[in-house]
Amino acid sequence: MTNKPIKLSGSSVNVWFGSKQVLKNINVEFPRNQVTALIGPSGCGKSTLLRSFNRMHDLSPDARIEGEFLLEQQNLYEKGLSVTEVRRRIGMVFQKANPFPKSIYENINYGLKINDVPKNERSEIIENALKESYIWDEVKDELQKPATRLSGGQQQRLCIARAVALRPEVILMDEPCSALDPLSTLKIEELIVKLKKDYTIVIVTHNMQQAQRIADKTVFMYLGEVIEAGDTHTIFHNPKNELTGNYVKGHFG
Ligand SMILES: Nc1ncnc2c1ncn2[C@@H]1O[C@H](COP(=O)(O)OP(=O)(O)OP(=O)(O)O)[C@@H](O)[C@H]1O
């Protein structure tokens, strides 16, 4: 198990949608500068847990959330802490790349604007974010082109660039490769492994090979609970819980 300090954690987390409880007494820790994979069968609550950390349920009237969510010492649900500030520090990348229907440049510029980054600093930040996300060489001559004309894999790397431009501390990724071909998937995986030098990454994935290729730590969830968490090699090759073993061997899910 890793000895890295904990960057992000959830304690005694319970979440309901209406009367249905979808997360049950979750305790989870994400080490700094590591990639942690959340795995488990469809509907077990992986996305719900991920989204709780950057307050994506704030606008769901039927969502009820209990527990403590900490980014280091910062309580993410503290009264007076704005959602914009939480999301500046905890970026998110979604399953389906979701560029705005604007130029490549503007896709990144927008977040800088709403976070009050001075205008004269933005071009350099945009260039660096595109470089950091392994897409600069492909788009540097057409920054004014609509982002929606990029391929799916390029759009996803642009969305990662959009997240890193704000210098978050954590990047949450919800099945970022599920809509991509194998080559684009490998590029994103390479990128994720590189990004962990600067960011703490939590990724939801259904791809067991992907979890083993990129995650330092893996958390197995089942029916709204964390069944087992540990270093990825142990979870896949020597799990303590029989349910974990059956899931990673593909016996259900
Ligand atoms: N906004 C919502 N309102 C009501 N129910 C919801 C909402 N979001 C999720 N749920 C329910 O919560 C449960 C957990 O869903 P969640 O998407 O977190 O699971 P998951 O493990 O990420 O699944 P998948 O792997 O299929 O994406 C499901 O039963 C789902 O229907």
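Biologist: What makes β4 and strand β5 (residues 74-75) count as paired, and in which sense do they pair?
Modeller: β4 and β5 are linked in the antiparallel sense over two bridges, and strands pair if DSSP finds at least two bridges between them, so β4 and β5 qualify as a pair. One of the bridges sets L71 against its partner Q74 in β5. This is a predicted model, in which local features need pLDDT of at least 70 and side-chain atom pairs count only at pLDDT 80 or more, while totals for chains, interfaces and linings use all residues. Residues are numbered from 1 along each chain as its sequence is written.

Biologist: How many residues lie between the strands in the hairpin of β4 and β5, and which residue takes a positive phi?
Modeller: Two residues lie between the strands of this hairpin, and E72 has the positive phi, near 50°. Strands here are DSSP runs (E, at least two residues), as helices are (H or I, at least four), and both are numbered from the N terminus. A hairpin is also formed by β1 and β2, again with two residues between them, and there G18 in the turn has a positive phi of about 60°.

Biologist: What makes the pairing of the open sheet with six strands mixed or otherwise, and in what order do they stand?
Modeller: The order is β6-β7-β8-β3-β9-β10, and the pairing is described as mixed. Its edge strands are β6 (90-93) and β10 (225-231), each pairing on one side only, and the twist averages 15° from one strand to the next.

Biologist: Why are α3 and α4 called oblique to each other?
Modeller: Helix α3 (residues 104-114) and helix α4 (residues 119-132) pack at an angle of about 120°, with their axes 10 Å apart. The axes are lines fitted to C-alpha atoms, for helices over the stretch in contact, and angles run from 0 to 180 degrees between N-to-C directions. Angles under 35 degrees count as roughly parallel, over 145 as roughly antiparallel, 65 to 115 as roughly perpendicular and the rest as oblique, and α3 and α4 are therefore oblique. On the α3 side, Y105, I108, N109 and L112 meet R122, I125, I126 and A129 of α4, where contact means C-beta atoms, placed from the backbone, within 7 Å.

Biologist: What makes α3 and α6 roughly parallel or oblique?
Modeller: Helices α3 and α6 pack at about 30°, with axes 8 Å apart, which makes α3 roughly parallel to α6. The contact is made by I104, N107, I108 and G111 of α3 and by L158, A161 and R162 of α6.

Biologist: How do you know that α6 is roughly parallel or perpendicular to α7?
Modeller: The axes of helix α6 (residues 152-164) and helix α7 (residues 182-195) come within 9 Å and cross at roughly 20°, which makes α6 roughly parallel to α7. In α6, G152, G153, Q156, R157 and I160 meet S184, K187, I188 and L191 in α7.

Biologist: Which residues surround the ligand, and what makes a residue part of that group?
Modeller: A residue belongs if its C-beta atom, placed from the backbone, lies within 6 Å of the molecule, and the residues around the ligand are F17, V22, G40, S42, G43, C44, G45, K46, S47, T48 and S60. Helix α1 (residues 46-53) gives the largest share of this shell, three residues.

Terms used:
Two residues are in contact if their C-beta atoms, placed from the backbone, lie within 7 Å.
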